[in-house]
Amino acid sequence: VNCMEFFLLLHLEILKIIYTKMNPALPATRKQKILRETKDYLMIALGMIMYGIGWTVFLLPSDIPSGAVPGIASIVYWGTGFPVQYTYLIINFLLLLLALKILGLKFCLKTIFAVFTLTFILSVIQKFVTGELIHDQPFMSCVLGASFCGAGIGVAFSANGSTGGTDIIAAIINKYRDITLGRVILICDVIIISSSYLVLHNWEKVVYGYVVLFISSFVLDQVVNSARQSVQFFIISSKYEEIGARINKDLHRGVTFIDGVGCYTHNGVKMMFVLAKKRESNTIFRLIKDIDPKAFVSQSAVIGVFGEGFDRIKVK
């Protein structure tokens with residue numbers, strides 16, 4: 001079975017999952033889980049499309065190196081003319097076999113999907129792109145390519161996915177040594193980009209590669225952090241029970257009731273404390289307005305929220 005057939009079969013399985021999700025006989029929690037997983041796979045596919053565009057439309061034709069396995073595939077392509085998608089697939093296949101043995105299937109499942117999706121997309125894009133899209137403007141190609149690549153990886157990471165490659169190496173090293181994932185990935189990327197000089201013989205291109213590394217990392221952080229930004233609400237309303245019940249039911253967020261006393265009136269009040277994702281703010285404001293337009297609401301951004309429904313607590 002070639003890559004295209006495998007990709008189509010993989011997405012056929014996703015359609016089957018979506019159909020199963022529509023079956024009312026399934027328990028509500030299971031249907032929600034299937035819907036969430038389906039959304040993750042679709043977002044990973046979108047991220048791989050963005051990454052494929054950034055790499056093969058802007059970076060590769062302009063001879064601008066990148067990090068990770070795509071960077072190795074680019075070096076092999078410039079040196080031998082061997083198609084990048086096959087080098088990318090072979091290296092990731094070997095790394096995934098190692099990861100399956102050391103890290104387990106759960107870590108690798110979405111990574112396998114991402115690898116085969118990107119391999120298919122690369123073969124499709126290269127049929128339509130035969131030369132430089134932006135001529136004689138390597139810096140513009142560098143910025144656009146890095147932005148697409150960083151955004152693509154960010155979308156995949158936000159959907160609990162991975163592009164494989166140095167992510168796998170970093171996860172394996174991190175399991176046995178007290179070295180952060182980011183540091184391992186950075187070291188690998190710097191070595192790969194620097195190695196491109198052996199083929200390109202042009203330090204200017206190598207410097208562009210470092211710029212790609214910086215821009216893609218910045219864009220990746222912006223995409224991932226924007227998806228994880230959290231806010232907190234303090235809500236004072238006489239209809240606190242109804243508002244709290246709606247937040248529980250509609251957003252599946254916890255609400256804490258706090259007893260308070262007004263300084264001026266000395267009357268007892270109930271104050272609600274709510275933590276939610278930033279994207280859920282409008283929904284919370286709408287339901288508060290529907291129930292009690294006169295409610296007093298305070299919203300503020302928080303640096304981090306850890307616990308059930310948010311990020312896991314990570315301590316060395």
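**A sheet, a helix and a buried serine**

By buried I mean under 20% relative accessible area, with exposed being over 50% and partly exposed in between, using a 1.4 Å probe and protein chains only.

Before going on, a word on the source: this is a predicted model, where local features need pLDDT of at least 70, side-chain atom pairs count only at pLDDT 80 or more, and totals for chains, interfaces and linings use all residues. Residues are numbered from 1 along each chain as its sequence is written, and side-chain values use heavy atoms, with hydrogens and water left out.

Back to our serine. Ser141 sits in helix α6, residues 138-158. Helices (H or I, at least four residues) and strands (E, at least two) are DSSP runs, numbered from the N terminus. What does Ser141 touch, leaving aside residues up to four places away in sequence? The list is Phe58, Leu59, Ser62, Ile64 and Ile134, where contact means heavy atoms within 4.5 Å. With Ser62 there is also a side-chain polar contact of 3.3 Å. That term covers a pair of N or O atoms within 3.5 Å; within protein, one must be able to donate a hydrogen and the other to accept it, and residues adjacent in sequence count only if both atoms are side-chain atoms.

Now, the whole chain. The protein chain has twelve helices and four strands. Of its 316 residues, 40% are buried. Among contacts between residues at least 6 apart in sequence, 72% join residues at least 24 apart. The chain exposes about 18,300 Å², and carbon and sulfur atoms supply 63% of that; the areas come from the Shrake-Rupley method with a 1.4 Å probe, and for residues only the protein chains shown count as cover.

On to the sheet. In what order do its four strands lie? The order is β2-β3-β1-β4, in an open sheet with antiparallel pairing. The edge strands are β2 (255-261) and β4 (296-302), each pairing on one side only. Neighbouring strands are turned by 25° against each other on average, direction ignored. For such angles, axes are lines fitted to C-alpha atoms, for helices over the stretch in contact, and angles run from 0 to 180 degrees between N-to-C directions. Two strands pair if DSSP finds at least two bridges between them.

Let's look at β1, residues 230-236, which pairs with β3, residues 268-277, over seven antiparallel bridges. Ser230 has Lys277 as its bridge partner in β3, and Phe234 stands opposite Phe273. β1 also pairs with β4, again antiparallel, over seven bridges. Ile235 has a partner in each neighbour: Met272 in β3 and Val297 in β4. Five of the seven residues of β1 are buried, so this strand is largely enclosed by the rest of the structure. Helix α12, residues 281-291, lies across β1, β3 and β4, running at about 15° to β1.

Over on the other side of β3, Thr256 stands opposite Phe273. β2 and β3 pair antiparallel over seven bridges, and their hairpin has six residues between the strands, with His266 taking a positive phi near 60°.

Last, the cysteines. Cys149 is buried at 5% relative accessible area, and Cys188 is buried at 18%.
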